[in-house]
Amino acid sequence: MVDDQYVWVGTRDGANRFDKLALRWDQYKTGQGLPANNVTSVSNDGNNIWVGTNSGIGKYPRTSDDLNAWIAYTSGTEIQPASVSKEFAESLVTDEIWCIASSKKNVWVGTRRGVSKYDIGKDTWKTITTKDGLASDEISCIAIDGERVWFGTDRGATVYNEGTEAWTSYTTQDGLASNKVTSIDVDGTEVWIGTYNAGVSRFDPSANSWITYTREEGLAHNGILSISVGDTYVWFGTYRGLSRFDKHTGIWTTFTESYGPEDL
C-alpha cells in the first residue's frame, strides 16, 4: 500500500512501513500491538492504516511515530447485545482476514464467512453474507469505486451500490472468464477482474461489455494473483511472473526471472 509519504508492506513476519521522506523503515509485530505477525492485507482510509492478519485486524494512525499505537479488532470483542440493537451488537465475523478495502466512511473486511463492514463514524460492525446479496461468503478481494464496492468470490463477482443499496452479481453466464475471482481493480468506468485459472476479464458496466485476456493475448499466465491499475499501464501478478498491459497501445509485456521459453 502506497501513499504520498509511506509505503506499507505486509509479510508473514509482521508489517513494515517505509518513510519516503525520511528514508527510514519501521517494523511492527505482535510486540507492538499487531494482532498477529501473519499479515494478509493492508488498506488506508486516509487517517488510519488497517492491517488484516489471521488473528484479527490492527488499526494504526497513518502518520504516528509511536510504534505501539495499535488498536486491535477481533471477533471476541465483548459487547452487551441486550442493551443495544442487533447492528450495534455485531463484531468482526471471524479473526481470519483475507482482504481489506477502506474509504473515509467504511472499512470492508473480506473473510471466508462473509464480509464485515465497519462504520468508522458510528464505530459499529455489520455482517454481510449471501443472504444480503453476496455471490458467496468466501471473499477473495474487495475494491472500492466511489459508491460501488466490488467483491471477488469463488462463485463470481458481486457489486454493491451504497447509494441505491442494490446488489448485482456476475458469473461466467454474464461474460466473466471464471467464477473463481482472485483480484479486482477499477479503472475509471471499467473494472478489471482477475481469475484463478482463466485470465483477466475487462468489464465496462455502462455498456455491459466483456473482454477476456489470456496467455493467447499476452498474459504470462492465466492464474492471476493481483492487479494494479495505473495511468498508462495495468499490471498483473501471475503464477509465471509479472505482466503489463499498455492501455493506449494494447501491447503486453512480460517480466520474469529469466527469459527462457520455459517461463512463457
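First, the basis of the values. This is a predicted model, in which local features need pLDDT of at least 70 and side-chain atom pairs count only at pLDDT 80 or more, while totals for chains, interfaces and linings use all residues. Residues are numbered from 1 along each chain as its sequence is written, and side-chain values use heavy atoms, with hydrogens and water left out.

I begin with the sheet. Strands here are DSSP runs of E with at least two residues, numbered from the N terminus, and two of them pair if DSSP finds at least two bridges between them. Four strands make an open antiparallel sheet, in the order S12-S13-S14-S15. Strand S12 (139-145) and strand S15 (166-170) each have a single partner strand, so one side of each has no neighbour in the sheet. On average, neighbouring strands of this sheet are turned by 20° against each other, direction ignored; the axes behind such angles are lines fitted to C-alpha atoms, and angles run from 0 to 180 degrees between N-to-C directions. Strand S14 (residues 156-161) is joined to S15 by five bridges, and alanine 157 stands opposite tyrosine 170 in S15.

Tyrosine 170 leads us to the core. A nonpolar core is a set of buried Ala, Val, Leu, Ile, Met, Phe, Trp, Tyr and Cys residues joined through side-chain atoms within 4.5 Å. Buried means under 20% relative accessible area, exposed means over 50%, and partly exposed lies in between, with a 1.4 Å probe and protein chains only. The largest such core has 14 residues, and those with the most contacts inside it include Trp150, Tyr170 and Trp210. Among the elements that give two or more residues to this core are S12 and S14, whereas the largest share, three residues, comes from S16.

Which pair does tryptophan 150 form? Rings of Phe, Tyr and Trp (its six-membered ring) pair if their centres lie within 6.5 Å; planes under 30 degrees apart are stacked, over 60 edge-to-face, and the rest tilted. The structure holds 31 aromatic pairs. In one of them, the ring centres of tryptophan 150 and phenylalanine 203 are 6.3 Å apart and their planes stand at 80°, so this pair is edge-to-face. Tryptophan 150 lies in strand S13 (residues 148-153) and phenylalanine 203 in strand S18 (residues 200-204), so the pair ties together parts that are 53 residues apart in sequence. Tryptophan 150 is buried, at a relative accessible area of 1%, and phenylalanine 203 is buried, also at 1%. Elsewhere, ring pairs link Trp192, Tyr213, Phe236, Phe245 and Trp252 into a cluster.

Next, the cysteines. With a disulfide taken as a pair of cysteine sulfur atoms within 2.5 Å, the structure holds zero disulfides. For cysteine 99, the nearest cysteine sulfur is that of cysteine 141, 6.3 Å away. Cysteine 99 is buried at 7%, and cysteine 141 is buried at 8%.

Finally, the loops. Most residues other than glycine have a negative phi. Glutamate 165, in the loop between S14 and S15, has a positive phi near 60° and is exposed at 57%. Asparagine 208, in the loop between S18 and strand S19 (209-213), has a positive phi near 50° and is exposed at 52%.
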